[in-house]
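We will look at a strand and its partners, then a helix, then a residue in a loop.

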Amino acid sequence: MYRTHTCGCLRAGNVNETVTLAGWVQKVRNLGAMTFIDLRDRYGLTQITVEEHSPAEVREAAARVGREWVLRVTGRVVEREAKNPKMPTGDIEVVAERIEVLNEAQTPPFTIEENSDGGDDLRMKYRYLDLRRPPLQRNLILRHKMAQEIRRFLDAEGFLEIETPYLIKSTPEGARDFVVPSRMNPNQFYALPQSPQTLKQLLMVAGYDRYFQIVRCFRDEDLRADRQPEFTQIDCEMSFVEQEDVLEIFERWAKHMFREVLGVEFNEPLRRMPWIEAMEKYGSDKPDLRFGMEFADLTDLAKGHGFSVFDDAEYITGFAATGCATYTRKQIDALTEFVKRPQVGAKGLIWIRVEEGAVKSSIDKFFSPEEVRALAARCGAKAGDMVLILCGKKFKALTQLCALRLEVAQQLGLRDPKKFAPLWVVDFPMFEWDDETQRFYAMHHPFTSPKPEDVQYLKSDPGRVRANAYDFVCNGTELGGGSIRIHDQQLQAQIFECLGFTPEAAEEQFGFLMNAFKYGAPPHGGLAFGFDRLCSLFGGSDSIRDYIAFPKNNAGRDVMLDAPSAIAPAQLDELCLDLRKPEA
């Protein structure tokens, strides 16, 4: 056998045993009379010792090995004289009696250690080397444990894990599809699923009343730290349920995951926050509740004082930045520049410094001290705080202030990755209006059911209709979301009409689902959690790439495989495809 033990399991109780280890050379320290080799595998690291009186062939092998060589070492476990309490195997070492070189290795392009000297691009190119590093190993082990815990919980709740196809029909709405040409059906294309949405609804029609799948999904959209063109969802659907049934079981699931994986207990029911409250208090439908600094509507107090910036604004809002009254003019200017950045888009920043018995602001010329105090009081400001105010179109100003709130919290060290504040956001708008195309779009997807009491407004006032939808949010990140689905054919047709689909277009795109509903669709609903995001949250990272074995870079490229890439002309001919240069 190649090994009797792994490189992370030997302890003081193994002293005097003869063992065989196999792994990669982490480091070699040649001290003349003695040579120390740190041998590593995914389980840990063990120090191998080659002594002055070791067999000649062992000393010769130890003299030639380098970093990342693959070795098999047989030797005797002894107690270390200089113990290393930072290593699980730090009480022992293995005195080599035989060293076999299984494979030599070139010097790697970066150090394969806890903290590497390789940049992102280099480590992505040599991802198979980066994956040897302990942080990446811990991340993938965490991902594995979480997947097992998910399956364990859902199986106990009666869910069936059912696979759905990757080659499906392209449908509109949402992000762009990745399309796959069909050789057997010339000039026709499959799409890779953005999610198994319609398929899991068909499973409900088929009578499989509790379904789940840890499934790959694909979206052709611009990337950032928490997005990849291919990602993994924990996809779930249930029949004969209302919203409360779904929230109850998946709130228990979330608490189970926090408890079993992180040892974090949530004994109280999670907060349920309506969408409009989340927007007005935090400027986001995924609010970060690890700290306060809630927004206040200042419109009625701020208008009518001759300050045109406020008088001309639709909405004026602000918050008290905790303990920031000591901010210097330079720091305030930096915050002003922050909100003026194109990513935020505000024109400027109004501030009020609240001190013991006095207030000072950038609008003293237009407001009396009493009026400034009233604005600060509305925001809940105390002595030592600084009120920060933005104005403009309502939801634009709220979104801009959200970016500022998060920036201030980051500066104050309030976004602790080891602290968790989960909640449900509910009562979303059913539709969102797009000025450019002059039409409504589904805020979630076209199969989301409206609140029963709001169905009456579908024709007269679609913007007033609320969705029977819900998102699971933690630490300012949307981890999952879902809805109660439409199971009534007539209601589904009404929604398609609101979204601008003609009956013919709806039939062409979704006829398979609408036809299925003719055969007895049960009331059903579900949700999906972003598995990559959940892993990064539990692991304390901002990037999901650290929890995916072979991710793409920000341009959607796999720099290790050099994909996407051109294909041979013969393949194009088989697929009946011609290429053209993109327009400049």
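## A strand and its partners

Phe218 stands opposite Glu230 in strand E10. This is a predicted model, in which local features need pLDDT of at least 70, side-chain atom pairs count only at pLDDT 80 or more, and totals for chains, interfaces and linings use all residues. Residues are numbered from 1 along each chain as its sequence is written, and side-chain values use heavy atoms, with hydrogens and water left out.

Strands (E, at least two residues) and helices (H or I, at least four) are DSSP runs, numbered from the N terminus.

| Pair | Sense | Bridges |
|---|---|---|
| E9 and E10 (residues 230-239) | antiparallel | 9 bridges |
| E6 (residues 160-161) and E9 | parallel | 2 bridges |

In E9, Tyr211 stands opposite Leu160.

## Helix H7

Which residues of H7 (residues 275-282) are buried? They are Trp275, Ala278, Met279 and Tyr282. Seen down the helix axis, the buried residues fall within an arc of 105°, so they line one face of H7; the arc is taken from the directions from the axis to the C-beta atoms. These buried residues pack against strand E11 (271-274), helix H12 (394-411) and strand E17 (422-426), where contact means heavy atoms within 4.5 Å. Just after H7, Gly283 has a positive phi of about 70°.

## A loop serine

Ser543 sits in the loop between helix H15 (531-539) and helix H16 (569-574). Ser543 counts as buried because its relative accessibility is 15%. A polar atom of the Ser543 side chain lies 3.1 Å from the backbone nitrogen of Arg545.

Key. Pairing = 2+ DSSP bridges. Buried < 20%, exposed > 50% of the residue type's maximum accessible area, 1.4 Å probe, protein only. Polar contact = N/O pair within 3.5 Å; in protein donor to acceptor, adjacent residues only side chain to side chain.
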